[in-house]
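User: Could we go through the salt bridges of this structure together?

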Amino acid sequence: MSRDAFDSETFRRAAQKAVDRLIGYLDDIERRPVLSALAPGGLRAALPSAAPEDPEPIETAIDEVFDRIAPGLTHWNHPGFFAYFASSASAPGILGEMMAAAFNANAMLWRTAPAATELEIVTLDWLRQAIGLPEPRFGVIQDTASTSTLVALAAARGTVTEWDTRRFGLAGGPRLRLYTSQEAHSSVEKAAIVLGIGQEGVVRIPVDDEFRMRPDALAEAIDKDLSGGSRPFAVVASVGTTSTTSIDPVPAIAAIAERHHLWLHVDAAYAGSAAIEPSLRFLMNGVDRADSLVVNPHKWMFVPVDLSVLYTRRPEAVRSALSLVPDYLQTPEQAGAPNLMDYGVALGRRFRALKLWLVLKAFGRRGIADRIREHVRLASLFRSWVEADPRFEVCAPQPLSVVCFRLRQGTDEQNQALIDAVNATGEVYLSHTRLHNRLVLRLAIGSLRTEERHVRRAWELLSA
Ligand code: PLP
């Protein structure tokens, strides 16, 4: 009996079968309904309620994955996936995941995975240059943008010098305040909940008519809190908000943060990848003045979930907020051998750098930039169709690859009914947002497999 579930020969045959089926799945993806039609509990009811007592043939299990489980998925790799922000898995990204699983390296300490740690450093430096971030920048991979923002705000909280939050928590300390726009992602508020700052500690700054944070309102809110005895400590600006992809005026916000010695974190989870395209480099304006920045290659850089990058000018602040090294994790390594567990919440760390490295090598900077530029062109084309149809209105500027629009005379219910109707075709999947308290449709382009014909089809369905 082999020690593993099966021997190397069976593994090879099974791997070949899994890869064949996987490539077949991706080649055929367009023929599947993008949004799963599975009713809640549908898959659970169809599967045995306990694991098998004895081994089952792996080849049958692989067939089950593709024939019974995959049909119940919503297909994020589908070219008609226009909801939220697309995340599409490219071939090099998939290979990176496969190999990372095989190595099963845990890059918590330098010595537990030296090459994984060093590849992470090299790859994040490549990415930093590609998106036009000036040196010096320390980068570290986290699972998601929510975690990157949590880590950044933990570091920011640690910079409050009059109270040792790391030691005493927040009880008895000053009332901490952080500032972000009304359009910022919910992950900012969630980080505040986790860090004990609380939702009341998050001041939502009003936006202008293009959904960008108003620096005058930010300055006013900080002054008001200071005179009321609260302790401002951080500002989170967004470059590419979730609803409309609006871009906060980072230089003006940075000036205010600098004046008050506040930590500036920039959430560029979606839009940061786009700075790889030279004509979109303006996205990084002022970002060099931020203390930290999050970019998610798993959103718009064709890297499969999950891979978020946190860059910071102040790695020591992150380390002193989060590093905790019990005796059994002490190692003799010196400078140049960072233990990346010190820059996050989790101890164990997957070998995520491998898939980003492969994506950067296989596409090249230019290959990624070409695709992103094409997505922005397709979004502009779609917007022009919406603008030309008097039944519709565009509801926000479109600086990148998302178009927000609605039926001009329609109620929220009628706009929702339109989304439901087009989603029911199985050809496209759109989601909604709310702007000026009205339901708005969002068409977000970002999938590797989306071509002009798919965007055209979405408009045919919407405007029929
Ligand atoms: N920030 C922005 C602007 C986002 O749009 C999102 C998700 O769409 C997030 C943060 C959270 O991303 P994640 O799912 O990686 O936590």
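Predicted model: local features only at pLDDT ≥ 70, side-chain atom pairs only at ≥ 80, totals over all residues.

User: How many salt bridges does the structure hold?

Analyst: The structure holds 38 salt bridges (a side-chain nitrogen of Lys or Arg within 4 Å of a carboxyl oxygen of Asp or Glu).

User: What does Glu-189 pair with?

Analyst: Glu-189 forms a salt bridge with Arg-204, and their closest N and O atoms are 2.8 Å apart. Glu-189 lies in helix H8 and Arg-204 in strand E3, so the pair ties together parts that are 15 residues apart in sequence. Helices (H or I, at least four residues) and strands (E, at least two) are DSSP runs, numbered from the N terminus.

User: Now Arg-314, please. Which residue does its side chain meet in a salt bridge?

Analyst: That residue is Asp-291, at 3.2 Å from N to O.

User: Is Asp-291 buried or exposed?

Analyst: Asp-291 is buried, at a relative accessible area of 7%, whereas Arg-314 is partly exposed at 33%. Buried means under 20% relative accessible area, exposed over 50%, and partly exposed in between (1.4 Å probe, protein chains only).

User: Which residues do salt bridges that share partners join into one network?

Analyst: Glu-97, Asp-306, Arg-350, Arg-352 and Lys-355 are joined in this way.

Conventions:
Residues numbered from 1 in each chain as written. Heavy atoms only, no water.
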